[in-house]
Amino acid sequence: MLVYLDNSATTRQYDEVTEAMMRSMRDYYGNPSSLHTLGYESEKTVKNARRIIAQSLGAGEDEIIFTSCGTESDNTALYGIAHSRRRQGNKIVTSRVEHPAVLEACKVLEKEGFQVEYIGVDSKCRLDMDALKRAIDDDTILVSVMSVNNETGTIMPIQEIAAMKKNAILHTDAVQGYGKIDLKHCRADMISVSAHKIHGPKGMGALYVKKGINLPAYLAGGGQERGYRSGTENVPGITGFGKAVEIAFRDFNGRVRAMAEARRYLLDGINDSIRDVIINSPEDGAASVLNVSFLGTRGEVLLHTLEQDRIFVSTGSACSSNKKGKGQSHVLAAMGLKPKEIEGAIRFSFSEFNTVKEMDYVLDRLEKAVTRFRRLGSFR
Ligand code: PLP
């Protein structure tokens with residue numbers, strides 16, 4: 001049995017997505033800007049995908065910019081707003097547990113002279129809302145807080161933040177929230193999403209920019225994407241993204257319910273059968289993520305042990321785990337976990353394809369792996 005529990009890193013593409021992309025590459029290869037029928041067909045598929053994605057966010061079609069990934073969406077939002085609003089203020093407020101796509105961009109902006117304040121979290125990765133409220137002042141031009149944390153699944157209160165943002169633009173990195181929580185009513189001014197987290201193609205993202213927000217054009221050229229991002233559209237990628245969103249949102253609640261059921265079953269099983277664990281995800285977190293520290297073990301070794309049984313998990317975010325010498329999860333550290341507790345952490349992340357039967361298999365192998373590790377390491 002193969003059990004894929006690394007869906008926060010990426011998901012398996014829906015078959016319908018692959019088929020739609022194949023059709024696009026094989027049959028509809030015209031340039032959307034061309035005046036002939038083949039061009040028109042491509043333009044139509046891009047338009048259709050834009051409509052589907054706009055609807056899923058409660059946005060207008062002219063509020064969506066297609067990008068190459070979630071990282072590009074995040075970078076564009078941060079750099080674009082910082083640079084265009086420089087005269088209005090110099091302060092940016094974000095959290096300590098953002099993805100590197102936001103944190104690294106903030107570091108660049110700090111070097112450019114912007115003041116960035118990083119808000120802390122509690123032991124379940126919940127944002128310190130009092131500190132956030134204190135941090136947002138008249139000089140604050142941008143607030144960027146993720147919708148769902150990629151390592152713990154903690155849902156951030158974006159609506160509440162919208163109510164306290166004063167004159168700032170509110171951006172949310174919703175790469176992990178998209179397709180898992182409702183974003184239509186989150187009241188953010190800008191939203192970053194990525195296709196490969198919801199069974200769409202890798203290398204495809206979008207940025208919602210509320211009408212009226214002044215974002216500088218950042219790729220100059222032929223004027224595609226309403227002039228913001230020139231370059232011939234990635235028609236197969238956009239087609240696949242649209243198809244993925246269409247399928248994922250068709251039965252939104254059913255999908256989330258399936259994830260929640262698998263997550264609940266695994267969590268209860270861990271609590272029942274494995275002692276000395278810390279559940280790092282909050283009770284009311286997203287259905288897609290469960291982060292657990294198995295004390296007296298090393299997550300990386302557990303990961304490779306489980307891999308031998310074709311169970312695929314993660315020690316944290318894929319983006320930070322592949323950086324050699326980068327050390328431990330900045331998210332779990334910000335939550336106050338001790339290095340040993342971080343070392344034993346495993347992230348299980350779910351899709352609607354996971355089943356309770358799979359979780360029985362995972363629990364069996366996990367319990368064995370943890371016991372063996374602890375025996376060898378003479379834990380307690
Ligand atoms: N933001 C969050 C919260 C993520 O989890 C990720 C990817 O893991 C990204 C941004 C980057 O998205 P992409 O891989 O599409 O660049």
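What you are looking at is a predicted model, in which local features need pLDDT of at least 70 and side-chain atom pairs count only at pLDDT 80 or more, while totals for chains, interfaces and linings use all residues. Residues are numbered from 1 along each chain as its sequence is written, and side-chain values use heavy atoms, with hydrogens and water left out.

Helix α8 covers residues 252-273 and helix α13 residues 356-376; their axes come within 9 Å and cross at roughly 30°. Here helices (H or I, at least four residues) and strands (E, at least two) are DSSP runs, numbered from the N terminus. Axes are lines fitted to C-alpha atoms, for helices over the stretch in contact, with angles from 0 to 180 degrees between N-to-C directions.

A second pair is made by α3 and helix α4 (residues 100-111), whose axes lie 9 Å apart at an angle of about 30°. These two are therefore roughly parallel as well, and α3 crosses α4 in a right-handed way.

In total 14 residues surround the ligand, with T71, D173, Q176, S194 and K197 the closest; a residue is near if one of its heavy atoms lies within 4 Å. By type, the shell holds four nonpolar, seven polar and three charged residues. Nonpolar here covers Ala, Val, Leu, Ile, Met, Phe, Trp, Tyr, Cys and Pro, charged covers Asp, Glu, Lys and Arg, and the others, Gly among them, are polar.

Now look at individual atoms. T71 places a polar side-chain atom 2.6 Å from a ligand oxygen atom, and D173 has one 2.6 Å from a ligand nitrogen atom. For Q176, the distance from a polar side-chain atom to a ligand oxygen atom is 2.7 Å. The ligand alone exposes 390 Å², of which the protein buries 91%, as computed by the Shrake-Rupley method with a 1.4 Å probe.

Definitions and conventions: Polar contact = N/O pair within 3.5 Å; in protein donor to acceptor, adjacent residues only side chain to side chain. Parallel < 35°, antiparallel > 145°, perpendicular 65-115°, else oblique. Left-handed = near helix turned anticlockwise from the far one by under 90°.
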